[in-house]
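These are my notebook entries on a structure that I looked up for the first time. I set down what I looked for and what I found.

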Amino acid sequence: MAEPESKQKWQPGKKDMVFFAIVAAVILLLVLGTSDRSTKPVPSDQIHMQVTSRAECMTCHGVEGVKPQPMGHSKADQCFQCHLQPTNWGKAAP
Ligand code: HEC
Ligand code: HEC
């Protein structure tokens, strides 16, 4: 009646060990990744020291700009909340 194969006890085989190793590696990467996750700072160059509004940022970082924000980038307005502002920001000579 019943198939004898299905009655066999499960034992971790080579493939299962590989699978567990991959799962463990992924978890480890996620844990390590979150701890030192940091967003790129705004460059401390002449351009970035003088920009003071989001609209200005977006002339270069909008979809048509020289360096567009990556796909799926946050729509949040406060750029400096995530991207460290340049050193001496706003103090550059005109
Ligand atoms: C006149 C054009 C221009 C304006 C305005 C501008 N940027 Fe940029 N930005 C660039 C260019 C070009 C790069 C890439 C080259 C570089 O690293 O300097 C860049 C790079 C960046 C980067 C990535 C740095 C990296 O390591 O890849 C961030 C973050 C950034 N800008 C944020 C801002 C913010 C925030 C503002 C507004 C306060 C702003 N930018 C205004 C031209 C501009
Ligand atoms: C909620 C957080 C957050 C805010 C607010 C934010 N960003 Fe970003 N931005 C990121 C993350 C995360 C990335 C991914 C790449 C990285 O690690 O910098 C990124 C990437 C970028 C890059 C590409 C950097 C590169 O070298 O590929 C640019 C340019 C950029 N942001 C510009 C801006 C501008 C301009 C604003 C304000 C209008 C802004 N961001 C606001 C989180 C944010």
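**Entry 1: conventions.** I work here with a predicted model, in which local features need pLDDT of at least 70 and side-chain atom pairs count only at pLDDT 80 or more, while totals for chains, interfaces and linings use all residues. Residues are numbered from 1 along each chain as its sequence is written, chains are lettered from A and ligands numbered from 1 in the order in which they are written, and side-chain values use heavy atoms, with hydrogens and water left out.

**Entry 2: the chain.** I looked up the secondary structure and found 4 helices and 0 strands. I note that helices (H or I, at least four residues) and strands (E, at least two) are DSSP runs, numbered from the N terminus. Read from the N terminus, the order of elements is α-α-α-α. I then looked up burial: 9% of the 94 residues count as buried. In this notebook buried means under 20% relative accessible area, exposed over 50%, and partly exposed in between, with a 1.4 Å probe and protein chains only. Of the contacts with a separation of 6 or more, 53% join residues 24 or more positions apart; a contact means heavy atoms within 4.5 Å.

**Entry 3: the iron atom of ligand 1.** Which residues are the protein donors of this iron atom? I found His-48 and His-61, each through NE2, lying 1.9 Å from the iron. Donors are N, O and S atoms within 2.8 Å of the metal (3.2 Å for Na, K and Ca); water is not among the atoms, so sites may look incomplete. His-48 belongs to helix H2 and His-61 to helix H3, so the pair ties together parts that are 13 residues apart in sequence. For the term I record the cut-offs: six donors count as octahedral if opposite donors are over 155 degrees apart and all others between 65 and 115. The ideal angles for six octahedral donors are 90 or 180 degrees.

I also looked up the accessibility of both residues. His-48 counts as buried at 18% relative accessibility, whereas His-61 is partly exposed at 24%. Leaving aside neighbours within four places in sequence, His-48 is in contact with Val-42, Pro-43, His-61, Pro-86 and Trp-89.

**Entry 4: the iron atom of ligand 2.** Here the protein donors are His-73 (NE2) and His-83 (NE2), lying 1.9 Å from the iron. His-73 lies in the loop between helix H3 (54-61) and helix H4 (79-82), and His-83 in the segment after H4, so this pair ties together parts that are 10 residues apart in sequence. Why is the arrangement around the iron atom of ligand 2 octahedral? It is octahedral because the 6 donor atoms subtend angles of 86 to 178°. His-73 counts as partly exposed at 24% relative accessibility, and His-83 counts as partly exposed at 23%.

Entry 5: I looked up the largest pocket, whose volume is about 850 Å³. A pocket is, on a 1 Å grid over the protein atoms alone, an open set of points where a 1.4 Å probe fits, with protein on both sides within 12 Å along at least five of seven lines; lining residues have an atom within 4 Å of a point. Its lining has 30 residues, and the closest to the centre are Val-42, His-61, Gln-69, His-73 and His-83. Helix H3 gives the largest share of this lining, 6 residues.

The second largest pocket has a volume of about 190 Å³. Of its 13 lining residues, the closest to the centre are Val-63, Gln-69, Pro-70, His-73 and Lys-75.

**Entry 6: single residues.** I looked up Cys-60 and found it in helix H3, partly exposed at 30% relative accessibility. Beyond its neighbours within four places in sequence, Cys-60 is in contact with Gly-65, Val-66, Lys-67 and Pro-68. Asp-77 is in the loop between H3 and H4 and counts as partly exposed at 46%. The C-alpha atoms of Asp-77 and Arg-54 are separated by 6.6 Å, with the two residues 23 apart along the chain.

Technical notes:
Four donors count as tetrahedral if all angles lie between 85 and 135 degrees; four count as square planar and six as octahedral if opposite donors are over 155 degrees apart and all others between 65 and 115; anything else is irregular. Grid points are joined across faces, edges and corners, and a volume is the space filled by probe spheres set on the points.
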